[in-house]
Amino acid sequence: MPVTGLDHVNIVTTDLEGTKRFYKDLLGLVDGDTSSLPPGLNPNWLADPSGRSIIHLQRFDPARHAEPGGATAAVDHVALECTDFEGMQARCEALGVAYRAGLAGATFRQLLVTDPNNVRLELNFRG
């Protein structure tokens, strides 16, 4: 029973709306479909343009979560497959999001950014 891929990433935040805006504005994610979930959960899913939910945002609950905003602990970063390297650079600049290029000399390009919760994102552009 092998793993076939990464299903989603869960990010805890004290600023749900600001974090949601970051991912929507920078990465072009949209509200994900929550129709398969039980009512009353107040889920906050963000999906790629095809509708696949890949980021689950969760409001910080001190009874359940460690304090957010520190480094990503044992998880160093989250890597996302992206398109349009130059377009993403321009979007970062327009939104005032700091970025840096990664892996000089690789067969693909990268932009490295940090979300409002100090989660490092590796944006990979192949082809």
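This is a predicted model: local features need pLDDT of at least 70, side-chain atom pairs count only at pLDDT 80 or more; totals for chains, interfaces and linings use all residues.
Reading along the sequence, you get β-α-β-β-β-β-α-β-β-β.

On burial, 38% of the 127 residues count as buried. The chain exposes about 8,100 Å², and carbon and sulfur atoms supply 52% of that.

Okay, the core. The largest nonpolar core holds 25 residues. If you want to click on the ones with the most contacts inside that core, go for Y23, L26, L27, I55, M88, L121 and L123. Which elements give two or more residues to it? That would be β1 (9-13), α1 (16-27), β4 (53-59), β5 (78-82), α2 (85-95), β7 (109-114) and β8 (120-125). The largest share comes from α1, with five residues.

Skip its neighbours within four places in sequence, and Y23 is in contact with I11, G28, L29, L46, I55, D115 and L121.

Now the sheet. There's an open one of four strands, in the order β1-β4-β3-β2, and the pairing is mixed. The edges are β1 and β2 (30-31), each pairing on one side only. Between β1 and β4 the pairing is parallel, over five bridges, and you'll find I11 standing opposite L57 in β4. Helix α1 packs on this sheet and touches β1, β2, β3 (44-47) and β4. As for direction, α1 makes about 160 degrees with β4.

Last stop, and a residue I'd like you to look at: T19, which sits in helix α1. Buried or exposed? T19 has a relative accessible area of 0%, so it falls well within the buried class, where the cut-off is under 20%. What does its side chain do in there? The T19 side chain makes a polar contact with the side chain of N117, at 3.0 Å. Leaving out the neighbours within four places again, T19 is in contact with T13, L57, D115, P116 and N117.

Definitions and conventions:
Residues are numbered from 1 along each chain as its sequence is written. Side-chain values use heavy atoms; hydrogens and water are left out. Buried means under 20% relative accessible area, exposed over 50%, partly exposed in between (1.4 Å probe, protein chains only). Accessible areas come from the Shrake-Rupley method with a 1.4 Å probe; for residues, only the protein chains shown count as cover. A nonpolar core is a set of buried Ala, Val, Leu, Ile, Met, Phe, Trp, Tyr and Cys residues joined through side-chain atoms within 4.5 Å. Contact means heavy atoms within 4.5 Å. Two strands pair if DSSP finds at least two bridges between them. Axes are lines fitted to C-alpha atoms, for helices over the stretch in contact, and angles run from 0 to 180 degrees between N-to-C directions. A polar contact is a pair of N or O atoms within 3.5 Å; within protein, one must be able to donate a hydrogen and the other to accept it, and residues adjacent in sequence count only if both atoms are side-chain atoms.
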